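Please keep the sequence and the model in view while going through the numbered points.

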Amino acid sequence: MTSARTDNADYAADLLAQVAATQSRRAFSELFRHFAPKLQAYATRQFGNEQTAMDLVQETMTNVWHKAHLFKPDKGSPSTWIFTIARNIRFDILRKNKHRQNDLSADELWPILAENNESLDDDYSLDGKVLMQEISSYYAQLPDAQREVIERIYIEGKSQQEVSDSLGIPLGTVKSRTRLALKKLKELITAHD
């Protein structure tokens, strides 16, 4: 089947249902062919290491095979579900890596939203917009300097270096403001939940 057909959320959901119900290797193979390259690109950007990226793809798709029965189409699109699995595996990998153990990742707050991956389906983009609406009240509580940095990075899609250049502030300041803002947002969201 073509990738365009798998881009259709209903079709991908049907493939997941087939895997859950009958452990259909054909359906899983189609899901794998469609999602593996996207997961590989995501993981390579996150880790900068091809082998670790391949490990994340394999572990994610193994989880999809074993947990397909847990997918609920009324809760989100197949791509959101699969990338959430990938994000959680990524966190596990980072936790195992001692020198990165204390890093705060934006993906804890914006799962994959920060990724500029035009190949993700429109359902995923819609999920991202809904997520941004949900956190907008928390976002408004940030100090102006932190909010400006977060907006330029995660809404405008600029790199930290581009933000540094455009605001005329040191890169370290941009990184500090980003880290503080993400920490504050995490605290606000956790307190609300």
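1. Helices (H or I, at least four residues) and strands (E, at least two) are DSSP runs, numbered from the N terminus. This is a predicted model, in which local features need pLDDT of at least 70 and side-chain atom pairs count only at pLDDT 80 or more, while totals for chains, interfaces and linings use all residues. Residues are numbered from 1 along each chain as its sequence is written, and side-chain values use heavy atoms, with hydrogens and water left out.

2. The structure holds three salt bridges, a term for a side-chain nitrogen of Lys or Arg within 4 Å of a carboxyl oxygen of Asp or Glu. One of them joins Asp144 to Arg147, with the closest N and O atoms 2.3 Å apart. Asp144 and Arg147 are separated by about one helical turn because they lie three residues apart in helix 7 (residues 144-155). Glu148 likewise forms a salt bridge with Arg152, where the closest N and O atoms are 3.2 Å apart. Glu148 and Arg152 are four residues apart in helix 7, so about one helical turn separates them.

3. A residue is called buried under 20% relative accessible area, exposed over 50%, and partly exposed in between (1.4 Å probe, protein chains only). Asp144, at 57%, counts as exposed, and Arg147, at 21%, counts as partly exposed. Glu148 is partly exposed at 33%, whereas Arg152 counts as buried at 19%.

4. The side chains of Arg26 and Glu30 meet at 3.2 Å, N to O. Which of these residues is buried, with a relative accessible area of 3%? Glu30 is the buried residue, while Arg26 is partly exposed at 44%.

5. Aromatic pairs. A search of the whole structure finds four aromatic pairs. Rings of Phe, Tyr and Trp (its six-membered ring) pair if their centres lie within 6.5 Å; planes under 30 degrees apart count as stacked, over 60 as edge-to-face and the rest as tilted. Phe28 and Trp65 form an edge-to-face pair, at 5.2 Å centre to centre and 75 degrees between the planes. This pair links distant parts of the chain, with Phe28 in helix 3 (residues 25-47) and Trp65 in helix 4 (residues 50-67), 37 residues apart. Phe28 and Trp65 are buried. The ring centres of Tyr42 and Phe83 are 5.9 Å apart and their planes stand at 75 degrees, so this pair is edge-to-face. Tyr42 in helix 3 and Phe83 in helix 5 (residues 78-96) are 41 residues apart, and both are buried. Ring pairs also link Phe28, Phe32 and Trp65 into a cluster.

6. The nonpolar cores. A nonpolar core is a set of buried Ala, Val, Leu, Ile, Met, Phe, Trp, Tyr and Cys residues joined through side-chain atoms within 4.5 Å. Within the largest one, of 31 residues, Leu31, Leu39, Met61 and Val64 touch the most other members. Helix 2 (9-22), helix 3, helix 4 and helix 5 each supply at least two residues of this core, and helix 3 gives the most, with nine. Another core of 15 residues lies apart from it, with Tyr138, Tyr139, Tyr154 and Leu182 among its members.

7. Contacts of Val64 and Trp81. Contact means heavy atoms within 4.5 Å. Leaving aside neighbours within four places in sequence, Val64 is in contact with Leu16, Phe28, Trp81, Ile82 and Ile85. Trp81 is in helix 5 and is buried, at 18% relative accessible area. Not counting residues up to four places away in sequence, Trp81 touches Leu16, Val64, Lys67, Ala68, Leu70 and Phe71.
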